[in-house]
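The tour goes from one selection to the next and says what is found at each stop.

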Amino acid sequence: MGATASAASAPAPGPVPASGRRGRLRVADRVYARIAAQAVREVLAVAWPAGRARGAPPRVSVAVPGSTVTVRVEVELPFPSDVAGLAAAMRRAIAARVLGLTGTRVSDVVVVVEKLVAGGAS
């Protein structure tokens, strides 16, 4: 009977308010940075040969100038590698992951290659 009483006393859900009246969700910059860093690590895991040096972890910074996110990523890549192809893959992965997890569009991704590390694919 306790479950019935509590269910009966709960208010019935009303209509959903208009989007302007529902409030806002603020995602911290560090959350965007962590999401982007994980996407970059997944792309780089494929680029580095197994058992070889991995380079320094990616450094990610973000700016949220309104309703979009701008991401800057500094990475070390294996040499030799397809630098342009890896940069494009990182851009796509970051944009897709941030949009998928937060619903925020990524307006720009800047990939800075800090260093090429010997030990890439031969």
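Select Arg97 and Glu42 to begin: they form a salt bridge (a side-chain nitrogen of Lys or Arg within 4 Å of a carboxyl oxygen of Asp or Glu), with the closest N and O atoms 2.6 Å apart. Because Arg97 lies in helix H3 and Glu42 in helix H2, the pair ties together parts that are 55 residues apart in sequence; helices (H or I, at least four residues) and strands (E, at least two) are DSSP runs, numbered from the N terminus. This is a predicted model, in which local features need pLDDT of at least 70 and side-chain atom pairs count only at pLDDT 80 or more, whereas totals for chains, interfaces and linings use all residues. Residues are numbered from 1 along each chain as its sequence is written, and side-chain values use heavy atoms, with hydrogens and water left out.

Next, select Arg59 and Glu74, which form a salt bridge whose closest N and O atoms are 2.4 Å apart. Arg59 lies in strand S1 (residues 59-63) and Glu74 in strand S2, so this pair ties together parts 15 residues apart in sequence.

Finally, select Ile94 and display its contacts (heavy atoms within 4.5 Å): leaving aside neighbours within four places in sequence, Ile94 touches Ala36, Ala39, Val40, Val71, Val73, Val106 and Val109.
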